[in-house]
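Keep the structure open and follow along as you read.

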Amino acid sequence: MSEIKTVGVIGAGQMGSGIAHVCALAGYDVLLHDISKDRIDAGLVLIEKNLARQVGRGIIDDAAMAGALSRIKPAEGLEAVGQADLAIEAATENEETKKAIFRNLQPHLRPDTLLASNTSSISITRLASSTDRPERFIGLHFMNPVPLMKLVEIIRGIATDVPTYETAVAFARSLGKITSNAEDFPAFIVNRVLVPMINEAIYTLYEGVGTVDAIDTAMKLGANHPMGPLELGDFIGLDTVLSIMNVLHEGLADSKYRPCPLLVKYVEAGWLGKKAGRGFYDYRGETPVPTR
């Protein structure tokens, strides 16, 4: 098993910043990379804000927050990330984008660096094939929000070797996470079950079975879900929901995974959910308001 001390995180958005947050809090040195300095800076601001929230709730103390922040360093180029013991890609859920990242990273990699993707739906085997080390490549699917959610799905590609798998499991557990093994099928376990439910809720809205409020209230009170499916879709990002549905539809060739036309229309309109200020709810006021 490889010893991990330094973690490179590629992508400083919601997922990447969350992964950097938990790694630094667990004592790892973290290199945070994105395509621009502004995005890295925004990620660092988000990490500090979320750490401060944990201090306010008594989950960690000021010393733990200060230590975590001191261990995160911005990395404007991929050269630094390539020298990490483990490099985790946490970019947008697009296969070609992810493959391009790994191809660009490859010239800078140490021979022993492990590679991981935080993809929530895309084949680990295919992503690994774009690198020079498919045996040292694995899926580490963290759940959102990373600092709060306990699960990490571990996905082995067809070439992933046993030492890489064992190192990945030990690493995830060192972050205080619980691991679940998933086979390398489209969307793995969580999103194979969860995202079609969200898509079906959107169909329910599209067909006029209920309003946004009625659907979310029904599932919260009738199925004891902490968040309604339409609200959850907004939280995940409707572009991500659509990407996962497309992966399922194309990968499994089953019409039951066809993305709802209303989901496609919202994404085309730029109504991507909470991050865009508007989705199935309008977030631009003091309280979210259903849009349909």
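## The largest cavity

The largest cavity in this predicted model is lined by Ile 4, Leu 86, Leu 114, Leu 115, Ile 138, Leu 140, Thr 164, Thr 167, Ala 168 and Phe 171. Its volume is about 40 Å³, and the count of cavities of 30 Å³ or more comes to one. By class, the lining holds eight nonpolar residues, two polar ones and no charged ones.

Which elements build this lining? Strand E5, strand E6 and helix H7 (residues 162-174) each supply at least two residues. Helix H7 gives the most, with four.

## The second largest pocket

Now for an open space. The second largest pocket holds about 270 Å³. Of the 17 residues that line this pocket, the closest to its centre are Glu 95, Ile 122, Arg 126, Val 247 and Glu 250. The classes here are five nonpolar, six polar and six charged residues.

Helix H5 and helix H11 (residues 238-252) each bring at least two residues to the pocket lining. The largest share comes from H11, with five residues.

## Helix H5 and its buried face

Helix H5 deserves a look of its own. It spans residues 95-105, and its buried residues are Glu 95, Lys 98, Lys 99, Ile 101, Phe 102 and Leu 105. Viewed down the axis of H5, these buried residues fall within an arc of 155°, so they line one face of the helix.

What do the buried residues of H5 pack against? Their partners are strands E1 (6-10), E4 (86-89), E5 (114-117) and E6 (137-142), along with helices H4 (78-81) and H6 (124-128). At the start of H5, the backbone nitrogen of Glu 96 has a side-chain oxygen of Asn 94 within 3.1 Å.

Glu 93 sits in the loop between E4 and H5. Is Glu 93 buried or exposed? Its relative accessible area is 11%, under the 20% cut-off, so Glu 93 counts as buried.

The side chain of Glu 93 has two polar contacts to point out. One is with the side chain of Thr 119, at 2.7 Å, and another, also of 2.7 Å, is with the side chain of Ser 121. Setting aside residues up to four places away in sequence, Glu 93 touches Lys 98, Thr 119, Ser 120, Ser 121, Ile 122 and Ser 243. Among these, Lys 98 is one of the buried residues of H5, while Ile 122 is among the residues closest to the centre of the second largest pocket.

## Ser 117 in strand E5

Ser 117 belongs to strand E5. With 0% relative accessibility, Ser 117 counts as buried. Its side chain and that of Glu 89 are joined by a polar contact of 2.5 Å.

Beyond its neighbours within four places in sequence, Ser 117 is in contact with Glu 89, Lys 98, Phe 102, Ile 124, Leu 127, Phe 137, Ile 138, Gly 139, Leu 140 and His 141.

## His 21 in helix H1

His 21 is found in helix H1, which covers residues 14-25. This histidine is buried, with a relative accessible area of 2%.

Which side chain makes a polar contact with that of His 21? The partner is Gln 54, at 2.7 Å. Apart from residues up to four places away in sequence, His 21 touches Ile 47, Asn 50, Leu 51, Gln 54 and Pro 147.

## Arg 156 in strand E7

Arg 156 lies in strand E7 (residues 151-156). At 34% relative accessibility, Arg 156 counts as partly exposed. A polar atom of its side chain lies 3.3 Å from the backbone oxygen of Thr 160.

Leaving aside neighbours within four places in sequence, Arg 156 is in contact with Ile 124, Ile 138, Asp 161, Val 162, Tyr 165, Ala 182 and Asp 184. Arg 156 and Phe 137 are 19 residues apart along the chain, and their C-alpha atoms are separated by 7.8 Å.

Key:
Residues are numbered from 1 along each chain as its sequence is written. This is a predicted model: local features need pLDDT of at least 70, side-chain atom pairs count only at pLDDT 80 or more; totals for chains, interfaces and linings use all residues. Side-chain values use heavy atoms; hydrogens and water are left out. Buried means under 20% relative accessible area, exposed over 50%, partly exposed in between (1.4 Å probe, protein chains only). Contact means heavy atoms within 4.5 Å. A polar contact is a pair of N or O atoms within 3.5 Å; within protein, one must be able to donate a hydrogen and the other to accept it, and residues adjacent in sequence count only if both atoms are side-chain atoms. The arc is that of the directions from the helix axis to the C-beta atoms. On a 1 Å grid over the protein atoms alone, a cavity is a set of points where a 1.4 Å probe fits but cannot get out, and a pocket is an open set with protein on both sides within 12 Å along at least five of seven lines; lining residues have an atom within 4 Å of a point. Grid points are joined across faces, edges and corners, and a volume is the space filled by probe spheres set on the points. Ala, Val, Leu, Ile, Met, Phe, Trp, Tyr, Cys and Pro count as nonpolar, Asp, Glu, Lys and Arg as charged, and the others, Gly among them, as polar.
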